[in-house]
Amino acid sequence: MSLLPTSVASDSSIAKNKRTRVIAVLMAAVGLFAIFVFAIGSPANTHSQLTFTPLNLTNAPWHVGTLTVATRWTDLVLGLLMMVLAAEVFFREPRRGVMARFGFVAVLFLLALLFWAARAPGPSPIGYVNVTSFLVGASATTMVLVFGSLSGVMCERAGVVNIAIEGQFIGGAFLGSMIASTTHNFFYAAVAGAVIGGLIGLVLAFFALRYRSDQIIVGIVLVTMLSSLSSYLNLQVFTPFPNFNTGNLAPDLPIPLLSKIPLIGPVFFNQSGFFYLMIVLVGVVSFALFKTRYGLHVRAVGEHPRAAATVGIDVIRVRYINVVLGGAIAGIGGAAFMATQGQFQVGYTSGYGYIALAALIFGRWRPSGAVVASIIFGLSVYLSYELVTYQVPISLYFLEMFPYLITIAVVAGLIGRVRPPAADGQPYMRD
Amino acid sequence: MQLELRGITKRFGSLTANDHISLTVEPGQIHSLLGENGAGKSTLMNVLFGLLSPDEGEILIDGVVTPIHDSGDAVRRGIGMVHQHFMLVPVFTVTENVVLGFEPTKSLDRIDYKRATQEIRELSHRFKLDVDPEATLENLPVGIQQRVEIIKALSHDAELLILDEPTAVLTPQEIEALMEIMRSLAAAGKSILFITHKLKEVKEIADVITVIRLGKVVGTAEPTMSEGELASMMVGRSVNLTVEKTAYDPGETVLEIRDLVVRDDRGLVAVDGVSLDIRAGEVLAVAGVQGNGQTEFVEAIVGMRRVEAGTITLRGVDITNLTPREALDAGLGHIPEDRQRDGLVLSMSVADNLVLNTPRRAPFAKCGTRNFAAINANAERLVHDFDIRTTSIFAPVSSLSGGNQQKVIVARELSRPLEFLVASQPTRGLDVGSIEYVHRQIIEYRNRGNGSLIVTSELDEAYALGDRIAVMYEGKISGVVEPSISRESIGLLMAGSSMAAAGV
């Protein structure tokens with residue numbers, strides 16, 4: 001005898017297909033936009049130049065000059081590629097990887113936009129796209145988002161919403177700059193970031209777990225407080241004593257051999273220690289959450305805390321630990337951000353903490369998903385800054401909206417099924 | 001394992017939930033703890049499982065005094081609990097659920113799933129608890145999920161199993177399977193403490209019955225005693241288990257439901273083409289295991305949920321997709337499934353709750369202001385007529401017992417002119433006395449020549465009230481039968497068999 005609701009199951013697959021098709025239509029719309037605006041909108045004689053400097057870190061047996069492509073035809077190919085992907089999703093309805101395809105189309109769209117923006121002759125004062133420096137620049141943004149969304153994974157998997165990531169970024173950046181300026185050592189800066197981020201996490205955990213306050217409100221209060229506090233301290237400390245905020249960029253640590261791979265080398269293997277730390281952390285968090293006993297406890301606490309409690313797991317303790325660890329990760333992210341900018345500036349994290357939360361949702365509360373989402377969002381955020389120099393006739397603010405638009409689409413259930421941990425944000429009460 | 005409770009007392013403020021309770025469970029024995037909701041069964045189990053600490057008394061395991069401080073302690077001492085609301089994580093696999101908290105690990109804190117799966121296979125083989133260790137829990141039927149709970153307890157080497165109201169969510173066939181499992185566990189020497197308020201099950205399975213009432217042991221009963229005797233022990237007075245009904249004499253059709261389709265919150269079809277007619281002077285009971293679309297069905301009728309397709313007609317008037325207010329005005333009475341969420345505003349007074357659905361109507365409102373004289377007079381009258389036990393009509397309704405809260409709703413709905421009554425799980429969580437009362441009210445309403453639809457997951461209730469019984473399975477009506485049909489046949493219908501297959 002089976003009580004499995006078969007009719008309901010088949011119904012759910014219908015609902016899923018409907019959503020898959022909505023995504024396909026979105027992808028096709030984006031593709032059509034690329035074709036009609038970017039490809040057909042570029043005069044036939046225009047072309048775009050791609051440069052790759054530095055291509056790698058050696059002195060070049062394989063130096064590539066500039067690559068010149070006809071803008072119209074390139075964007076047409078990109079647009080058609082998007083359409084093909086859209087058609088594949090629409091007709092084949094793949095069961096997995098729909099989101100990844102969607103992300104890929106988003107990246108293709110950004111590329112098409114970039115080619116179009118850099119077309120010559122055209123309105124842009126810069127007639128080329130430096131692919132290497134673009135990717136390196138975007139990797140810095142991506143890195144910060146990965147730290148932030150990993151922090152979110154740690155907290156929300158244990159059932160606590162950490163909306164204070166932005167505040168932890170600010171704290172990490174501020175203290176990180178101070179420590180880096182005085183010790184000239186970015187390792188200490190990272191430790192300082194971890195400590196301050198962890199402390200902010202502790203405050204959040206204290207109110208959320210001890211007093212069962214609304215986690216969103218506590219988080220927002222912390223962000224507001226940290227941003228005001230950092231402005232105040234900036235005025236009181238960094239302005240009169242600029243030596244505490246001297247402007248340091250974390251040194252690049254090229255990895256032998258690997259850094260010499262063309263394009264991949266400069267983008268992935270000639271980065272600061274923060275970047276490598278991020279990669280390690282992604283692996284560690286992924287492993288810890290899904291392979292270990294600790295991870296099983298964390299996920300149980302985030303899904304069904306009472307069930308966890310009945311088998312002797314200390315729900316409150318697990319949550320404290322994870323919120324503090326998550327805060328520390330975000331704090332390191334703040335220090336890492338500072339290290340890519342050189343010094344602390346008031347307000348320059350400009351909402352990265354919230355974009356990281358969006359990446360967490362888009363990535364379905366998984367470290368790997370968060371990385372994919374962070375890459376897409378990182379590219380689009382960085383592009384929105386880059387495009388200013390190309391004098392694109394689209395407002396910067398529309399481009400900045402892009403990650404949020406994707407997130408709204410995700411949260412509204414338009415793209416894929418998103419299910420947060422069942423006890424996410426729910427206070428736990430022992431009886 | 002032999003377990004002895006000696007003089008266990010637990011007080012919450014002025015309330016004594018357990019008053020010097022003593023009982024002994026022998027190895028291999030199925031010991032039934034029978035009592036009404038609120039008699040103190042759950043408190044006792046929580047004491048035994050280490051979730052509450054007793055104010056007085058001691059727990060002896062195999063003759064040795066053994067204090068139990070927390071649930072981890074209880075598990076280590078060999079006490080396993082099968083919770084009424086499963087303590088299982090829906091998105092985890094069976095294996096992950098079973099090992100949670102007691103994981104076998106390899107290096108680097110990794111869980112040894114291979115070993116865990118192996119152990120689960122052995123256990124499920126040994127005790128005939130068939131389950132796939134790699135299945136995701138939420139995809140399993142409730143009966144199988146319960147097996148996972150049992151395996152979980154056994155995997156911690158439980159010698160005594162506490163089953164807390166284990167049959168509430170099961171079909172009759174699943175209950176039968178559970179009884180088999182309980183017998184085989186007892187045969188293997190495990191002790192079982194079976195908590196319930198269902199007399200039939202106690203009589204069928206128990207070796208020894210301890211009856212508790214108002215926190216005290218009122219005695220030990222033999223399984224051979226009649227249901228009536230057990231019930232009167234449980235309630236403390238003689239109980240009339242059958243409801244007096246006048247002869248079934250249905251009139252014209254009052255409510256007509258045609259091809260109703262309703263979606264649930266996730267957008268899935270929950271009610272899938274239901275057609276029913278309910279006539280004047282009859283109670284149509286809708287039976288079925290919880291979660292087969294009954295909730296959505298009722299909500300659609302009373303205007304709380306959108307009807308996707310199909311029609312609902314009340315005395316020839318189309319009432320499909322009315323707003324709740326329009327449904328009220330059309331004369332639909334509704335006793336909701338979750339009385340504390342949909343039936344009452346807990347922080348408001350008894351008097352206000354009694355006019356909750358007619359606040360704007362004369363005489364309770366006058367020129368847009370509330371007429372307190374009329375509201376209070378109404379409350380005094382209903383509190384008296386419906387025997388609502390409250391300290392005052394101004395007391396917040398949250399201060400009333402569950403049974404009296406339900407009486408407030410019943411009084412409110414039945415005291416106004418109704419065309420039709422829809423009641424969902426009208427006696428859930430109530431004590432026998434209140435159940436008796438609510439049943440009598442519904443039957444009196446029916447005897448006056450009115451139609452009503454009662455949704456229930458208690459088969460006894462469907463039999464007691466229904467002039468006809470419709471069985472709902474996966475959003476469809478799998479059959480409409482007379483109450484003279486056997487429980488076995490209804491059970492088959494509840495599990496999705498066709499009328500023919502169920503032998504109707």
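## Contacts and basis of the model

Two residues are taken to be in contact if their C-beta atoms, placed from the backbone, lie within 7 Å. The model is predicted, so that local features need pLDDT of at least 70 and side-chain atom pairs count only at pLDDT 80 or more, while totals for chains, interfaces and linings use all residues. Residues are numbered from 1 along each chain as its sequence is written, and chains are lettered from A and ligands numbered from 1 in the order in which they are written.

## Chain B as a whole

Among the contacts in chain B between residues at least 6 apart in sequence, 67% link residues at least 24 apart. Chain B contains 17 helices and 22 strands, where helices (H or I, at least four residues) and strands (E, at least two) are DSSP runs numbered from the N terminus.

The C-alpha trace of chain B spans about 70 × 50 × 50 Å along its principal axes. Buried residues account for 49% of the 504 residues in chain B; a residue is buried if 20 or more other C-beta atoms lie within 10 Å of its own, exposed if 12 or fewer, and partly exposed in between.

## A helix pair in chain A

In chain A, the axes of helix α4 (residues 131-157) and helix α14 (residues 367-389) come within 7 Å and cross at roughly 135 degrees, the axes being lines fitted to C-alpha atoms over the stretch in contact, with angles from 0 to 180 degrees between N-to-C directions. The two helices, α4(A) and α14(A), are therefore oblique to each other, since angles under 35 degrees count as roughly parallel, over 145 as roughly antiparallel, 65 to 115 as roughly perpendicular and the rest as oblique.

Residues of α4(A) that take part include Phe134(A), Leu145(A) and Val153(A), and those of α14(A) include Pro367(A), Phe377(A) and Glu386(A).

## Where the chains meet

Across the two chains, 25 residues of chain A are in contact with 28 residues of chain B. On the side of chain A that touches chain B, the elements giving two or more residues are α1 (6-39), α10 (293-303) and α11 (305-310).

## Positive phi angles

Trp365(A), in the loop between α13 (352-362) and α14 of chain A, has a positive phi of about 60 degrees although it is not a glycine, and it counts as buried because it has 21 C-beta neighbours inside 10 Å.
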